[in-house]
Amino acid sequence: MKARTFRHGIHPADGKSLSASSPIRLFVPTGAGEAVYPLSQHIGTPAVPVVSVGDRVRAGQKLAEAGGFVSAPIYSAFSGTVRALEPRTAAGGETVPCIVLETDAETEWIDPRFDPATSDVFNASSVAAYMASGAPEHLTAEDIRAAVREAGVVGLGGAGFPTSVKLTPKNPEAIDTIIVNGAECEPYLTSDYRRMLEYTDELVKGLKIVLRLFPGARGVFGVEDNKPEAIKALKKATSGENNIEVAVLKTKYPQGGERCMIKAVTGREINSKMLPADAGCIVHNIDTIASIYQAVYEGRPLTRRIVTVTGDAVNSTHNYYVYLGTNMRVLIDAAGGFKAEPAKVISGGPMMGFAMYNLDVPMVKGSSSVLALSKDDVSESSESPCIRCGRCASVCPEHLLPMKLAQAARHNDADGFKKLYGMECVECGCCSYVCPAKRQVTQSVKSMKRMIMAQARKEAKK
């Protein structure tokens, strides 16, 4: 069968061989230390603290509750004492309000089933032994949504949209396709790949939980064809399911983008003024589906996620189960540190991640990877005048004219930018990647979008 895909896109060197064969391993910092929890780990209203300075907390305890409908609670992954409620630097470079925890040398869990020192809960083959009440057939749709909401589950593919909100569309009867995004098209990242290999049954059960909310929908695992072992495992696990299939996708960036995924799987298109639900779809990341499973079957809040530590500048590459709040520098040290001073460290993938200037930041819900590179191709290149080659337009998945958008942005021409449909840009970076003149097209377009959105918010408040 021909692999499904979308028009345009690029084929960057993927770098996945560095960590693809690295099984998931649990990483727990040793000894007492510090854990930091930003209150904004999701799209929407920041969470509201429910602890005060001096409070004693245990692992699995709620630190902050959802600040509104589009929000999500935050839980501690460690036991310790609340030392401060103060602004700290996050991975994106912004300063945000945080809960700072002074952690214990030995972590004390609210639920001993989740203590890695006394249980095997991280072994997918034995998850059934830790279920509180077997398969959740007794739960209503609202029970399931409430469990996901209370567990603090958000989109773990990077966007961080509260999952319970995504599971509550305006017209649930119009949803006919639940897509589980297993493309993992960003170079170097392999955490979703390892999850598909090692926790296959958990993923299928997680998808079946979501399908219970939408009886008329089918489930689709979308996986790129450079992951044949994951495709094989998922097909085997879903062989007896009438309403679940595995869609083989062409390996291409940004295949994992929500719009591209919907186009490849269903043939439908959405734009910036639409939600996936408007096209009858709901899209979840692989790790998000796993977190839904854990919330409903195990009653476990979101306190950990899989993070790929990789790149040619680290001594060893691994996929770690990381407790949220862990310091990035501590995680890098666990991988043996750097071979030499890296030219660039990125939180996330090289196409859409954030270049780091400070490694003393916490791992949060949206932290998918730590990528350390010995060479910084971007800083070592210099821009030259646009040669009007049209390569940027030939790869744009949204079929825009990036060169003209960048020109409008540089001239601060908001009206011209909007007339060229600049707000439809998904900021994937394809245009900058193929530009022979090394122009920072994506950055120009992204900055203009931010300015237009800020102006719109300002006018809305008048």
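**Group meeting: cavities, cores and cysteines**

By cavity I mean a set of points, on a 1 Å grid over the protein atoms alone, where a 1.4 Å probe fits but cannot get out. Grid points are joined across faces, edges and corners, and a volume is the space filled by probe spheres set on the points.

Quick caveat before I go on: this is a predicted model, where local features need pLDDT of at least 70 and side-chain atom pairs count only at pLDDT 80 or more, while totals for chains, interfaces and linings use all residues. Residues are numbered from 1 along each chain as its sequence is written, and side-chain values use heavy atoms, with hydrogens and water left out.

The largest cavity has a volume of about 120 Å³. It is lined by 15 residues, and the closest to its centre are Cys396, Pro402, Cys425, Cys428 and Cys431. Lining residues, by the way, have an atom within 4 Å of a point. Helix 11 (402-410), helix 13 (430-434) and helix 14 (441-460) are the elements that give two or more residues to that lining. Helices here are DSSP runs of H or I with at least four residues, strands are E runs of at least two, and both are numbered from the N terminus. By class, the lining has 11 nonpolar, 2 polar and 2 charged residues.

Cysteine 428 has its nearest cysteine sulfur, that of cysteine 430, 3.5 Å away, and is in no disulfide. Cysteine 428 is also buried, at 8% relative accessible area. Buried means under 20%, exposed over 50%, and partly exposed in between, with a 1.4 Å probe and protein chains only. Cysteine 386 is partly exposed at 28%; the closest cysteine sulfur to its own is in cysteine 435, and at 6.5 Å that is too far for a bond.

On to the packing. The largest nonpolar core has 36 residues, and Ile178, Phe214 and Phe221 touch the most other members. A core, for us, is a set of buried Ala, Val, Leu, Ile, Met, Phe, Trp, Tyr and Cys residues joined through side-chain atoms within 4.5 Å. Several elements each supply at least two residues, including strand 9 (177-182), helix 4 (200-213) and strand 10 (218-224). Which helix gives the most? That's helix 7, with 8 residues. There's also a second, separate core of 23 residues, and it includes Ala35, Leu63, Ile74 and Trp109.

Tyrosine 193 lies in helix 3 and is buried at 14%. Leaving out residues up to four places away in sequence, its contacts (heavy atoms within 4.5 Å) are Ala20, Glu184, Lys227, Glu229 and Ala230. Serine 347 lies in strand 15 (residues 344-347), is buried at 8%, and has Ala91, Met328 and Phe354 among its contacts beyond four places in sequence. Serine 164, in helix 2 (residues 163-166), is buried at 4%.

Notes. Disulfide = S-S within 2.5 Å. 1 Å grid on protein atoms, 1.4 Å probe; cavity = no way out; pocket = protein on both sides within 12 Å on 5 of 7 lines; lining within 4 Å. Nonpolar A, V, L, I, M, F, W, Y, C, P; charged D, E, K, R; others polar.
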